[in-house]
Amino acid sequence: MKLLKKLYINNFFFYALLGVAFLYCVAFIFPALYNAAGYVLLMLLAFLVLDILILFSAKNGIEGTRIAPEKLSNGDENPIGINIKNYYTFPIGVKIIDEIPEQFQIRNFEIKRKIKASSQDDIQYYLRPTSRGEYVFGNLNVYAMTPLRLVSRRFTFNKNQMIPTYPSYIQLRKYDLMAFSNNLFQYGVKKIRRIGHTMEFEQIKEYVQGDDIRTLNWKATAKKNALMVNQFQDERSQSIYMAIDKGRVMKMPFNGLSLLDYAINATLVLSNVILKKQDKAGMFTFSKKVENRVAAERRSSQMHQILESLYNIKTDFFESDYSRLYVDIKKNINHRSLIILYTNFETLDSLHRQLPYLKAIAKSHLLVVVFFQNTELNDIINSKAITVQEVYDKVIAEKFAFEKRLIVNELKKYGIHSVLTQPENLTLDTINKYLEIKARGIL
């Protein structure tokens, strides 16, 4: 019975059987072909038995392994490897069916390969998760067949493998050296001119292209007979908190990810840049109450704590309570800090309801409000309107887009910084804003 459970008849056998049935039909018209049809049927059955014996001649003819990372990166293409080893002494054909986690809703996964005798093949495919949590892979099924291709033998490996999906650590690696690179524009980061010299003096160094000529040290230049400049370093150990709104306004999807997950991915990357800049990184989330708090510190385990807190964020559909946010910040953050607030405002009315609390926070801290452009509206605005309905849709879209710009001006009026960004540019734009604030020394 165990053997039968691993045995599958291929389509090729049924086609051959159909050919035999056709011969028998013809034999009714030409009786001389009746015996020939019988011989063909016996040969087909003999080959079938032979194919089965060859496939089961080796106990472990195939070895398969799924090679997956310890954790998946949310919103990114994650490579999944499959290694197939052929221990048969003849070439085989394989059909690989990997049982993908149910979150991906992939029901037609299939890879076909031909593997030479006593050799192996490495296969790779990619998965893009769009939510954090546990992803359970089922069986890795490998169906092997001989050159006769009449039957297949199933081999099963890697049963029920669970892999957690964390915020985008692939982005984290991409921008890991950003804090120290002299060519940040290669990553899309703007070059920010420093205003004044209120920063700490670090050293005198030789002038290179791009240095501020106002930092020239004329005494050192005369001694060295070469242009020398004073190098300053940013003020260190400043506290930066990332506040993530996890209310219903952040549930809007974009390219498979919610705005909340974009904010979580950006928070992870920015926290790493902050710590590399020798500042203190902290975070918390809020909706009906403030949760997932990580105090701003610069210890070695800080990134691990932030990563675990971001992984465990649970979303809800409540309207966020900004009064609770203000009270919590006033109670728990006693010294002036940079607070980067990830949220979303669609209209001026929605901003005005929360503006008193934002103004109150901005009195004690440097507040940066990060919210999102609606890219679908941009598509409508940039499209050509032909019908009356399309003209109406375009006017409404332009109204909402204009209101977003009014929100930026309204925040600026009260000394609140803002970043209006598209979801896919969120990480770069928030890093740009942080580096700008550091360069201008306004914290």
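E4 and strand E7 (residues 120–127) pair in the antiparallel sense over eight bridges. Starting from this pair, find which strands form the open sheet that holds E4 and E7, and in what order.

**Solution.** The model is predicted: local features need pLDDT of at least 70 and side-chain atom pairs count only at pLDDT 80 or more, while totals for chains, interfaces and linings use all residues. Residues are numbered from 1 along each chain as its sequence is written, and side-chain values use heavy atoms, with hydrogens and water left out.

Step 1. Helices (H or I, at least four residues) and strands (E, at least two) are DSSP runs numbered from the N terminus, and two strands pair if DSSP finds at least two bridges between them.

Step 2. Strand E2 (residues 62–67) runs antiparallel to E4, and six bridges join the two. Arg-66 has Ile-82 in E4 as its bridge partner, and Thr-65 is bridged to Asn-83 of E4.

**Exercise: burial.** Is strand E4 (residues 78–86) largely enclosed or left open by the rest of the structure?

**Solution.** Step 1. A residue is buried under 20% relative accessible area, exposed over 50% and partly exposed in between (1.4 Å probe, protein chains only).

Step 1. Seven of the nine residues of E4 are buried, so this strand is largely enclosed.

Step 2. The buried residues of H7 are Gln-302, Met-303, Ile-306, Leu-307, Ser-309, Leu-310 and Tyr-311.

Step 3. For the protein as a whole, 44% of the 443 residues count as buried.

**Exercise: the mixed sheet.** Give the order of the six strands in the open sheet with mixed pairing, and state which helices lie on E19 and E20.

**Solution.** Step 1. The order is E18-E17-E14-E19-E20-E21. Strand E18 (290–297) and strand E21 (417–421) are the edge strands, each pairing on one side only.

Step 1. Within this sheet, strand E19 (residues 338–342) and strand E20 (residues 366–372) are parallel, with five bridges. Ile-340 has Val-368 in E20 as its bridge partner.

Step 2. Contact means heavy atoms within 4.5 Å. Helix H9 (residues 348–364) packs on the sheet, touching E19 and E20, and its direction makes about 140 degrees with that of E20. Helix H6 (residues 259–276) lies across strand E14 (239–245), strand E17 (280–286), E18, E19 and E20, and runs at about 170 degrees to E14.

**Exercise: helix H9.** Where does the kink in H9 lie, and what span should its 17 residues have?

**Solution.** Step 1. The expected span is 1.5 Å times one less than the number of residues. For H9 this gives 24 Å, and the end C-alpha atoms are 24 Å apart, which agrees.

Step 1. The bend at a residue is the angle between axes fitted to the seven residues ending there and the seven starting there. A kink of about 50 degrees lies at Gln-354, shortly before the proline Pro-356.

Step 2. Buried residues of H9 include Leu-351, Gln-354, Leu-355 and Leu-358. The buried residues of H9 pack against helix H8 (322–332), E19, E20 and helix H11 (388–413).

**Solution.** Step 1. Most residues other than glycine have a negative phi. Asn-255 has a positive phi of about 55 degrees, and Asn-292 one of about 50 degrees.

Step 1. Asn-255 is in the loop between strand E15 (253–254) and strand E16 (257–258), and is exposed at 55% relative accessible area. Asn-292 lies in E18 and is partly exposed at 22%.

Conventions:
Axes fitted to C-alpha atoms, helices over the stretch in contact; angles between N-to-C directions.
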